[in-house]
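Please load the model in your viewer and keep the selection tool at hand.

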Amino acid sequence: GFPPTQQLPPGQGFPPTQSQMPAAQLPVRRAPEPPPTSNQAPGPVWKYRSPKMPAAFPELDKYSIEELKEFETSPEKVFEFLKKLPAVEQLQKDQDELTGENETQAGINLEHEPELKEKLDQLVEQHNVLDSLKKAFEEVETKYQLCAKELSDEMILTKLHVETQEADDEGEETAEKFLNGGTDAKDFIDDHVKKRMRYHLLKAKEEKLQKRVQGQW
């Protein structure tokens, strides 16, 4: 229980320090509100600092010993005493203020709900379009890689070499056919000249490309 002490006349207790001053005498400091950006709806944006509770209660100086003893047996009286403290009253006032501001902000948020839903639908639609474009790009890129591989110098050189060899073989077959009496002189000359001209043209292209691949041209 409370130790027996002599009742002091009101106003003759120890002078309160700053930490012991009633909270109503101390300003409740809040961080300043930053200016809203272009994409940010205006509204209260700050951090709350609760009032500082006193370390001592000079209000008890006006109570007698008998009245102080009643605090031990009456929690209701303790509650009523604490509720009337300036710091607690300020805390209740701040709570009511914050509750009102939260309700106001909730109403503002609900007003923006249709706009937010519309923006969300647009975002989903744009994402689907982007996904389709990505797939189309990947298909085109795959085709490009295949075409680039087929049209590379090495691939063209390989095909030229095969066609050159085939043209040379066709010329040899035409000559053997003529020697075996399979065709007359006029047809042989016309056919053989065309095939040899094709062979030499392909051979020249092959050699020219071969030098470029090897870095000699």
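A salt bridge here is a side-chain nitrogen of Lys or Arg within 4 Å of a carboxyl oxygen of Asp or Glu. This is a predicted model, in which local features need pLDDT of at least 70 and side-chain atom pairs count only at pLDDT 80 or more, while totals for chains, interfaces and linings use all residues. Residues are numbered from 1 along each chain as its sequence is written, and side-chain values use heavy atoms, with hydrogens and water left out.

**Salt bridges**

By the salt-bridge rule the count comes to seven. Side chains of opposite charge can pair when their charged atoms come close.

Select Lys-117 and Asp-121. They form a salt bridge, with 3.4 Å between the closest N and O atoms. Both belong to helix 4 (residues 113-150) and sit four residues apart, about one turn of the helix. Helices (H or I, at least four residues) are DSSP runs, numbered from the N terminus. For accessibility, buried means under 20% relative accessible area, exposed over 50%, and partly exposed in between (1.4 Å probe, protein chains only). Lys-117 is exposed, because its relative accessibility is 52%; Asp-121, at 41%, is partly exposed.

Next, select Asp-191 and Lys-195, whose side chains meet in a salt bridge (3.4 Å, N to O). These two are four residues apart in helix 6, so about one helical turn separates them. Asp-191 is partly exposed at 31% relative accessibility, and Lys-195 is partly exposed at 24%.

Then go to Glu-70 and Lys-77. The closest N and O atoms of this salt bridge are 2.4 Å apart. Glu-70 has 38% relative accessibility and counts as partly exposed; Lys-77, with 25%, is partly exposed.

**Helix 5 and helix 6**

Select residues 153-179 (helix 5) and 185-213 (helix 6). They pack at an angle of about 155°, and their axes are 8 Å apart. Axes are lines fitted to C-alpha atoms over the stretch in contact, and angles run from 0 to 180 degrees between N-to-C directions. Angles over 145 degrees count as roughly antiparallel, so helix 5 and helix 6 are roughly antiparallel to each other. Their contact residues divide into 12 nonpolar, six polar and 13 charged (Ala, Val, Leu, Ile, Met, Phe, Trp, Tyr, Cys and Pro are nonpolar, Asp, Glu, Lys and Arg charged, the others polar, Gly among them).

**Helix 3**

Last, select residues 86-111. The buried residues of helix 3 are Ala-87, Gln-90 and Asp-94.

Definitions and conventions:
Parallel < 35°, antiparallel > 145°, perpendicular 65-115°, else oblique.
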